[in-house]
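Please read them with the structure open.

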Amino acid sequence: AIDTAMETCGHTNWKYLRKLAEYLDLVFYDIKLMDPTKHEMFTGKNNKVILTNAEKLSRLRKPMIIRTPIVPGYTDSEENIEAITKFASSLESAKTVELLPYHRYGINKYEELDREYELRTTQPPTKEHIDNLERIVRRYFSF
């Protein structure tokens, strides 16, 4: 048997995600921010559909790994990670929350595409900060 996984932020019509879910063994589910105002300000999208679809996937018992990009000044507050992890722990099929530290590897790709890289001055989070945020995750999930 071949396992099938998908990475998504879940910002889609439930009928499409539901159909895809039939074929999935694992979902990597991206949740950036729990605060709806900040989510819309930073991403341009409301997070209601994202969170609702996560709950629906969980009710289908689709194993999920919640992933959160840690971007300093945007998603890296302790309050945000606490809220995401608490939400994830309420999802029966969520296995853990993975923190994905921001990196600057995409700058050259943006330059090649002649696009502005808006996070040019943003520095990656320190190891100490990531360790601190992971302690929050461990309060809800063991890994």
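1. In this predicted model, the buried residues of helix α6 are I130, L133, I136 and V137. Buried means under 20% relative accessible area, exposed over 50%, and partly exposed in between (1.4 Å probe, protein chains only). Looking down the axis of α6, these buried residues fall within an arc of 110°, so they line one face of the helix. The arc is that of the directions from the helix axis to the C-beta atoms. An α-helix has 3.6 residues a turn, so residues three or four places apart point the same way.

2. What does the other face of α6 carry? The face turned away from the buried side holds the exposed residues K127 and E128. Helix α6 covers residues 127–138, 12 residues in total. From first C-alpha to last it reaches 16 Å, close to the 16 Å expected at 1.5 Å a residue. That expected span is 1.5 Å times one less than the number of residues. Helices (H or I, at least four residues) and strands (E, at least two) are DSSP runs, numbered from the N terminus.

3. Now the rings. Two aromatic pairs are counted. Rings of Phe, Tyr and Trp (its six-membered ring) pair if their centres lie within 6.5 Å; planes under 30 degrees apart count as stacked, over 60 as edge-to-face and the rest as tilted. F42 and Y74 are edge-to-face, 4.8 Å centre to centre with 75° between the planes. This pair links distant parts of the chain: F42 sits in helix α2 and Y74 in the loop between β3 and α4 (78–89), 32 residues apart. F42 is partly exposed at 34% relative accessibility. Y74 is partly exposed too, with a relative accessible area of 34%.

4. The other pair is Y110 with Y117. Their ring centres are 5.0 Å apart and their planes at 80°, so this pair is edge-to-face. Y110 is partly exposed at 30% relative accessibility, while Y117 is buried at 10%.

5. By class, the lining of the largest pocket has 12 nonpolar, four polar and four charged residues. Here Ala, Val, Leu, Ile, Met, Phe, Trp, Tyr, Cys and Pro count as nonpolar, Asp, Glu, Lys and Arg as charged, and the others, Gly among them, as polar.

6. On method: residues are numbered from 1 along each chain as its sequence is written, and side-chain values use heavy atoms, with hydrogens and water left out. Local features need pLDDT of at least 70 and side-chain atom pairs count only at pLDDT 80 or more, while totals for chains, interfaces and linings use all residues.
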